[in-house]
Amino acid sequence: MPHKCYHSKPGRVDNVTQHAVGIIVNKQVKGKILAKRINVPIKHIKHSKSQDSFLKCVKEDDQKYKEAKEEGTWVQLKRQSAPPREAHFVRTNGKEPELLEPMPYECTA
């Protein structure tokens, strides 16, 4: 079992043996980030899923692009940020809104 500072850290496979895998992992030591080489048993390793959503978007964009090219149209492939929420009224249910103000500074010296 690797030390607790390496748990759930991504790394690159460096060396493969019969029962373990050598991995290069970044570790922060004081103000520096050092590349550490650790040996970890195979049962403690799982593949990173951080790129799965990105690769899914790439495949979908390629499919949209091919379809648009066949039809001769233009398609928006860039990611769009969420639009602002629509304006709405806030119900107070008969209660008067409370005005919030900063507390005045009091010097106790």
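I count a contact when heavy atoms lie within 4.5 Å. With that cut-off, I looked at contacts between residues at least 6 apart in sequence, and 11% of them join residues at least 24 apart.

Ground rules next. This is a predicted model, so to note its terms: local features need pLDDT of at least 70, side-chain atom pairs count only at pLDDT 80 or more, and totals for chains, interfaces and linings use all residues. Numbering starts from 1 along each chain as its sequence is written, and side-chain values use heavy atoms, with hydrogens and water left out.

**Entry: overall layout.** I get one helix and three strands in the protein chain, taking helices (H or I, at least four residues) and strands (E, at least two) as DSSP runs numbered from the N terminus. Read from the N terminus, the order is β-β-β-α. The radius of gyration comes out at 27 Å, well over the 13 Å that the globule rule gives for 109 residues, so the chain is more spread out than a compact globule. For the record, that radius is taken over C-alpha atoms, and the rule is 2.2 Å times the number of residues to the power 0.38. The C-alpha trace spans about 70 × 70 × 30 Å along its principal axes.

**Entry: surface.** Buried residues make up 10% of the 109; my classes are buried under 20% relative accessible area, exposed over 50%, and partly exposed in between (1.4 Å probe, protein chains only).

**Entry: strand pairing.** I call two strands paired if DSSP finds at least two bridges between them. Strand 1 (residues 11-16) runs antiparallel to strand 2 over five bridges, and the two form a hairpin with three residues between them. Within that pairing, Val-13 has Ile-23 as its bridge partner, and Gly-11 stands opposite Val-25.

**Entry: core.** Which residues make up the largest nonpolar core? I find six: Tyr-6, Val-21, Ile-23, Val-25, Ile-38 and Val-40. A core here is a set of buried Ala, Val, Leu, Ile, Met, Phe, Trp, Tyr and Cys residues joined through side-chain atoms within 4.5 Å. Strand 2 (20-29) and strand 3 (32-41) each give two or more residues to this core, and strand 2 gives the most, with three. I then followed Val-25: beyond its neighbours within four places in sequence, its contacts include Tyr-6, Pro-10, Leu-34 and Ile-38.

**Entry: positive phi.** Lys-30 is not a glycine, yet its phi is positive, about 55°. Lys-30 sits in the loop between strand 2 and strand 3 and is exposed at 79% relative accessibility. Asn-93 also has a positive phi, near 55°. Asn-93 lies in the segment after helix 1 (52-71) and is exposed too, at 67%.

**Entry: cysteines.** I checked for disulfides (cysteine sulfur atoms within 2.5 Å) and the structure holds zero. Cys-5 is partly exposed at 27%, and Cys-57 is partly exposed at 38%.
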